[in-house]
Amino acid sequence: MKSAAGTVTSYSWILNFSDFKEITKARLALSVVFSSIAGYFLGAYEIEWTSVALLAVGGYCMVGASNAYNQVIEKDLDARMSRTRNRPVPSGRMSTQTALTIAVTMTILGVIILYILNPKTAMFGAISIFLYTSVYTPLKTVTPLAVFVGAIPGAIPFMLGWVAATNDFGIEPGTLFMIQFFWQFPHFWALAWMLDEDYRKAGFRLLPTGEKDKGTAVQIIMYTVWMIIISVIPYFGITGRLQLSLAGGIVILLMGLAMLGFAFRLFEKRDNASARKLMLASVSYISLMQLVYVADKLIS
């Protein structure tokens, strides 16, 4: 009997932990933490590993809280979509009250932890949660402009790391913000293209023209071009301490052009397979670009 009870308890704990990962979107949260740490490495004169740990935990709390709030607010809409109906809240595995408790607790912990780093970092983290949950989430069923609003909190993590390291907001973190801001559009629109039919079940209209057409594909190309331009600007020495060597600039330019190639392929084919390839290319680009920036700083 004890063995059986122990097995049940262990299985229950595994399920609860699995739901916690899902309610906080652990994979997404970890990618955001990666962006923040990259920004910290770029801004720091000396790496303080205690600060890195605080940024990682605080950043995870803030992203996890935003995702939990989002799933509470959209629980009825999530239940309509194939991709999301098995999430903890719409499936009934987790109560709305439990999800909300997780969200509030992580918000408080996240703000406190980031405040220990410095007040500006906590402020930007709090702004990110507010915009994501109170503006972006309700706008998703109203207008495609929701994507523009959502790109703001989505772009904060890269610059947040710099602010955490320096307690300062200037041209350098502003540039990091703009890189990830413009990246959001081709990335998210490629995802929205793939999931358009499912999104429509919940009333989401997130493509810029509302359709999977040439107009949407053209805008994806335009924002990709702007992303590439902003990404290589530090090479020209006009962004303060944020700089790129010639080699670093060339590598980032080539990666950006490769992603642009996938955007043109989507314009040509206008199918889900091309959208998926662009989405995967965008994920690779943002992570590799951040690694190149950090490596370039360390080598130069």
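Begin by selecting Arg-200 and Asp-196, whose side chains meet in a salt bridge with an N to O distance of 2.8 Å; a salt bridge here is a side-chain nitrogen of Lys or Arg within 4 Å of a carboxyl oxygen of Asp or Glu. This is a predicted model, in which local features need pLDDT of at least 70 and side-chain atom pairs count only at pLDDT 80 or more, whereas totals for chains, interfaces and linings use all residues. Residues are numbered from 1 along each chain as its sequence is written, and side-chain values use heavy atoms, with hydrogens and water left out.

Arg-200 and Asp-196 are 4 residues apart in helix 10, which means that about one helical turn separates them; helices are DSSP runs of H or I with at least four residues, numbered from the N terminus. Asp-196 counts as buried at 6% relative accessibility, while Arg-200 is partly exposed, with a relative accessible area of 28%. For these words, buried means under 20% relative accessible area, exposed over 50%, and partly exposed in between, computed with a 1.4 Å probe and protein chains only.

Glu-211 is partly exposed, at 42% relative accessibility.

Next select Lys-201 and Asp-198, a salt bridge whose closest N and O atoms are 3.4 Å apart. They are 3 residues apart in helix 10, so about one helical turn lies between them. Lys-201 is partly exposed at 41% relative accessibility, but Asp-198 is buried, with a relative accessible area of 11%. Asp-198 lies in helix 10, which covers residues 196-201, and, leaving aside neighbours within four places in sequence, Asp-198 is in contact (heavy atoms within 4.5 Å) with Met-81, Ser-82 and Arg-83. In total the count comes to 8 salt bridges.

Move to Ile-220 in helix 11, a residue that is buried with a relative accessible area of 0%. Not counting residues up to four places away in sequence, Ile-220 touches Pro-186, Trp-189, Ala-190, Ala-263, Leu-266 and Leu-278.

Then select Ser-66 in helix 3, which runs over residues 49-73. Ser-66 is buried, with a relative accessible area of 6%, and its contacts, again without residues up to four places away in sequence, are Ile-129, Tyr-132 and Thr-133.

Which residues of helix 12 are buried? Select Gly-248, Gly-249, Ile-252, Met-255, Gly-256, Met-259, Leu-260, Ala-263 and Leu-266 to display them; what covers them includes helix 9 (171-194), helix 11 (214-232) and helix 13 (272-299). Among them, Ile-252 touches Ser-231, Val-232, Leu-244, Tyr-285, Met-289, Val-292 and Tyr-293, not counting residues up to four places away in sequence.

Ile-252 is also one of the residues that touch the most other members of the largest nonpolar core, a set of 87 residues, together with Leu-42, Phe-188, Tyr-199, Tyr-285, Met-289 and Tyr-293. Such a core is a set of buried Ala, Val, Leu, Ile, Met, Phe, Trp, Tyr and Cys residues joined through side-chain atoms within 4.5 Å.

Now select Leu-253, which lies in helix 12 (residues 246-269) and is partly exposed, with a relative accessible area of 36%. Leu-253 belongs to a nonpolar surface patch of about 800 Å², made with Tyr-235, Phe-236, Ile-238, Leu-246, Ile-250, Leu-254 and Leu-257. Patches are made of residues with over 30% relative accessible area and no salt bridge, nonpolar side chains (Val, Leu, Ile, Met, Phe, Trp, Tyr) being joined within 5 Å and like charges within 9 Å.

Finish at the end of helix 12, where Arg-270, just after the helix, takes a positive phi of about 50°.

Terms used: Accessible areas come from the Shrake-Rupley method with a 1.4 Å probe; for residues, only the protein chains shown count as cover. Helices (H or I, at least four residues) and strands (E, at least two) are DSSP runs, numbered from the N terminus.
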